[in-house]
Protein chains: 2
Amino acid sequence: MNKRVGKQTIRTDSKPRIISTYSVVGPKEGEGPLKDYFDIILQDDLNGKDTFEKAESSMIYMAVTESIKKANLKENDINYLFAGDLLNQLTSSCFAAKDLDIPFVGLFGACSTMTESLALAAMTIDGGFANYVVAATSSHFSSAERQFRFPLEYGSQRAPTAQWTVTGSGAMVLGREGNYPYVSHITIGKVKDYGVNDVNNMGEAMAPAAVSTIAQHLMDIAREPSYYDLIVTGDLGKVGKEITMKLLLEEYGYDLKNNYIDCGDEIFDHERQGTNAGGSGCGCSAVVDCGFIYKNLIQGKLKRVLLVSTGALLSSTSCFQGLTIPGIAHAVAVET
Amino acid sequence: MNKRVGKQTIRTDSKPRIISTYSVVGPKEGEGPLKDYFDIILQDDLNGKDTFEKAESSMIYMAVTESIKKANLKENDINYLFAGDLLNQLTSSCFAAKDLDIPFVGLFGACSTMTESLALAAMTIDGGFANYVVAATSSHFSSAERQFRFPLEYGSQRAPTAQWTVTGSGAMVLGREGNYPYVSHITIGKVKDYGVNDVNNMGEAMAPAAVSTIAQHLMDIAREPSYYDLIVTGDLGKVGKEITMKLLLEEYGYDLKNNYIDCGDEIFDHERQGTNAGGSGCGCSAVVDCGFIYKNLIQGKLKRVLLVSTGALLSSTSCFQGLTIPGIAHAVAVET
């Protein structure tokens, strides 16, 4: 009955399956290197709505409903929707959930929400509480910019370490049966704060949380990094990825140079697309995990991956009050 | 293994126990009718901090750490902290979690967060994923007013239907063993929106969600309302409470007149304290459940209660964009 492994990790008994995923992205993401892996690329990042927030909400609604269709299920087959986003009071998720006839659990983990929701979805199935669960999240460049930074109309300059919030949403449907990739282990992270207070350098702020969670996960289940075909952090970008690799090697002796990617680093061609240190936002790891990673798992090109979405837990209020930027990361091992 | 009952409810197998609670409130709550049930009443609602947000965060930190002490446990005995609050990006919870060495799952359910976190904590224990879990939430009158309404310095008039955000935090420690009140059933709610857009009438906005969850819970487990010594909604206040009673009777035939209270209605003496339609905020049901309800359960004065925290899922952005106010409610049955 007790599924705890080591200090901070749990293993699943029933191997909750990811039976379908759906990813929707904006036009810019649709011009990036991973464009062929997304289910739909919007022509217009307003998606026919009159505000960016409504557009983002329509994207998560689309990801959820289309992922359910892809699983050949109906809305009322789904026992729970675990979802969240970056907007104040989860505006995007809550207004999508309002139009869905599914019990709703709202989550906030900043950009760690994809693995936070996936972890809870898998635990809910493994605990015997659900037959089908959807895990989902979203972000939108324009709704995030104006909430966290500046009105777009200012045309602010961007720091070299700044990241570009991904416009996109991803959803995963989990179930009990079938020959699909399954969740084997989950490591819920602790909040880590190394005193970073540069709001233009999220990668540096989140890296210690990624390092803590990845190292604890590997120690808990006594695996070397090489067990995984790929370790996939959320949205550390180029800067945070470098720090994470360096710290894992120097502090823990884990060498990730052969099997480590970061969703924020992969989703854009930074030079060509002007995305500086890389992509970010809840939608970043959501669409890369639901698109690129899941499709490679289904095709057998990947067999074991460790998904580690990472979140920077700041608000504009906490920044204005001089506080630092805490980070968090949750790891979910998916295997076939 | 399958713990589902009816359409939307689950029962626990192992009866996760609520082994301790802790409640901290501000000075105004400490002058209300329930003052004798709170663990500590602050003399100063800034709690020695220089901002209301930092004060709120210090209160949830206090509730979590003191509840752990009351359970004779240490921080590293706790496998998960499920917590959330009203502030943008959960500022209060995240900055408390930063100073706690506990894996953290951030939740947003507006004022439904006490039963949202309690539900997930109980499921996590019942699913075999944890030995001890803390569920917690907080709110603060002054941080909420300036985020959602107006700067306090404006001295705005308050509508008769307006509620008063409770300054307070409550935490519950759940475990596997002992002769304590236990969680028997959980009904996670759906988001309900009846088109209310008056931000000064949260009770009306949340009532349909409370009605939906309570009715579904009773139908799922085939119980009459009289099974419970008390049904306790979160923070509907006087207005929302009346609507909830009326709708449950007229639409479902459930008569709650003998065993129903609302935390927002109970926590203040509205006439004397000028709190209009009642208390609100995540902290409202948190401190009433952790204080008044839990202590009555422990003393044997209550044996079966249904806790139903209720949340209004609005943001200032969604209001400015002309959207209505969706509500949600989660029900947790606690028995001895």
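1. Contacts along the chain. In this predicted model, 79% of the contacts in chain A between residues at least 6 apart in sequence join residues at least 24 apart. Two pairs discussed below illustrate such separations: Leu118(A) and Ile186(A), 68 residues apart along the chain, have C-alpha atoms separated by 9.3 Å, and Phe82(A) and Glu116(A), 34 residues apart in sequence, lie 8.8 Å from each other, C-alpha to C-alpha.

2. Overall dimensions of chain A. The radius of gyration of chain A is 18 Å, which agrees with the value near 20 Å that a compact globule of 336 residues would have. The C-alpha trace spans about 55 × 50 × 35 Å along its principal axes. Of the 336 residues, 64% count as buried. The secondary structure of chain A comprises 10 helices and 15 strands.

3. Relation of the two chains. Chain A is superposed on chain B by a rotation of 180° with 0.0 Å of shift along the axis, and the RMSD is 0.0 Å. This is the relation of a two-fold axis.

4. The interface. Contacts between the chains involve 50 residues of chain A and 50 residues of chain B. On the side of chain A that touches chain B, the elements giving two or more residues are helix 1 (52-70), strand 5 (80-85), helix 2 (91-97), strand 6 (104-106), helix 3 (113-126) and helix 10 (316-320). By class, that side of chain A has 24 nonpolar, 17 polar and nine charged residues. Because 100% of the interface residues of chain A are also interface residues in chain B, the copies meet through the same surface.

5. Helix 3 of chain A. This helix has 14 residues and reaches 19 Å from its first C-alpha to its last, close to the 20 Å expected at 1.5 Å a residue. Gly128(A), with a positive phi near 85°, follows the helix.

6. Leu118(A). This residue is found in helix 3 of chain A. Leu118(A) has 31 other C-beta atoms within 10 Å and is therefore buried, the threshold being 20 or more. Leaving aside neighbours within four places in sequence, Leu118(A) is in contact with Ala135(A), Met172(A) and Val332(A).

7. Phe82(A). With 28 other C-beta atoms within 10 Å, Phe82(A) is buried. Not counting residues up to four places away in sequence, Phe82(A) touches Val105(A), Leu107(A), Ser117(A), Leu120(A), Ala121(A), Val133(A) and Ala135(A).

8. In chain A, Gln89(A) is placed in the loop between strand 5 and helix 2. Its phi is positive, about 55°, although Gln89(A) is not a glycine. Gln89(A) is buried, with 27 other C-beta atoms within 10 Å. In chain B, Leu90(B) belongs to the loop between strand 5 (80-85) and helix 2 (91-97). Leu90(B) has a phi near 50°, again a positive value in a residue other than glycine. Leu90(B) counts as buried, with 29 C-beta neighbours inside 10 Å. A reader checking backbone geometry may wish to look at Gln89(A) and Leu90(B).

9. Strand 3 of chain B. Strand 3 (residues 17-25) is mostly covered, with nine of its nine residues buried. Strand 3 pairs with strand 9 (residues 168-175) of chain B in the antiparallel sense, over eight bridges. Within this pairing, Ile18(B) stands opposite Leu174(B) of strand 9. Strand 3 also pairs with strand 4 (residues 40-41) of chain B, here in the parallel sense and over two bridges. Val25(B) has Ile41(B), in strand 4, as its bridge partner.

Notes
Residues are numbered from 1 along each chain as its sequence is written. Chains are lettered from A and ligands numbered from 1 in the order in which they are written. This is a predicted model: local features need pLDDT of at least 70, side-chain atom pairs count only at pLDDT 80 or more; totals for chains, interfaces and linings use all residues. Copies are superposed by least squares on the C-alpha atoms of residues with pLDDT of at least 70 in both. Two residues are in contact if their C-beta atoms, placed from the backbone, lie within 7 Å. Helices (H or I, at least four residues) and strands (E, at least two) are DSSP runs, numbered from the N terminus. Ala, Val, Leu, Ile, Met, Phe, Trp, Tyr, Cys and Pro count as nonpolar, Asp, Glu, Lys and Arg as charged, and the others, Gly among them, as polar. The expected span of a helix is 1.5 Å times one less than its number of residues. The radius of gyration is taken over C-alpha atoms; the globule rule is 2.2 Å times the number of residues to the power 0.38. A residue is buried if 20 or more other C-beta atoms lie within 10 Å of its own, exposed if 12 or fewer, and partly exposed in between; C-beta atoms are placed from the backbone. Two strands pair if DSSP finds at least two bridges between them.
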